[in-house]
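Keep the 3D view at hand as you read.

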Amino acid sequence: MGLILRPSTTTLSFPVNCFENLAKMTSEIPTQKRNLGSAINFSSSSSSSGSNKRMKIPVLLFDIMDTLVRDPFYEDVPAFFRMSMKELLECKHPTAWIEFEKGQISEMELARKFFKDGRHFDLEGLKDCMIRGYSYLDGVEELLRDLKRNDYEMHAFTNYPIWYQLIEDKLKVSHYLSWTFCSCLTGKRKPDLDFYLEALRHLQVEAADCIFIDDRLKNVEAASNVGIVGIQFKSAKLLRHAFRSLGLQVSTD
């Protein structure tokens, strides 16, 4: 099921036929101070930023891991350490990766404190493991290509460390979007509301002029809480249909 959260008190539903009988997208929306109503549609919209540059609305903010790109952490990394995921979670430091994602520690500091007991491991081997595991999710690159062809402004809005550069080196994500909002660069992580507000300030757009896409519901709910339309990612095909239901110019598969 695909899920769209709009900053409204309205329960939203879409006809099954608009998903080609794949799913009905519905959502109970929490009460917001700012009620934008249920008739949000971005067809043929544009806006002026502070620099008077005309941009196509909406601006699209994409999570990266397990939304656009496969995250190797859940399968490849435990295998690299020859552990189960449960064992890895039990022995890794509880905050080291978060600190790395926020740019508070370097990768060498990560290597020193990744495990609670301070054991040594092959950092370069781990990075190679991550690189091998990075790939676009099915249908995602085609969707990004279609959005770019239709001149939508797109930005990464992701919790990830400096290793986002490894993703870029392999997949050339910047061909489609800018790595503008990465937690290691901002020092903030989703679902911190200030991270979303900082993005709006940087882009000089209203919250209602943005759409945020993430596989994690709590991050989508946070976007809705600041007035941004949020879509929970389930698949590229469902996302394409969700975009069309909101009036974006993308073709259907």
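Searching the whole structure turns up two cavities of 30 Å³ or more. The model is predicted: local features need pLDDT of at least 70, side-chain atom pairs count only at pLDDT 80 or more, and totals for chains, interfaces and linings use all residues. Residues are numbered from 1 along each chain as its sequence is written, and side-chain values use heavy atoms, without hydrogens or water.

On a 1 Å grid over the protein atoms alone, a cavity is a set of points where a 1.4 Å probe fits but cannot get out, a pocket is an open set with protein on both sides within 12 Å along at least five of seven lines, and lining residues have an atom within 4 Å of a point. Points join across faces, edges and corners; a volume is the space filled by probe spheres set on them.

Take the largest pocket. Its volume is about 560 Å³. It is lined by 25 residues, and Tyr74, Trp97, Glu101, Arg189 and Arg216 lie closest to its centre. Helices H3 (96–101) and H10 (217–225) each give at least two lining residues; helices here are DSSP runs of H or I, at least four residues, numbered from the N terminus. H3 supplies the largest share, three residues.

Now the second largest cavity. Its volume is about 40 Å³. Phe73, Val77, Trp97, Phe114, Leu126 and Met130 line this cavity.
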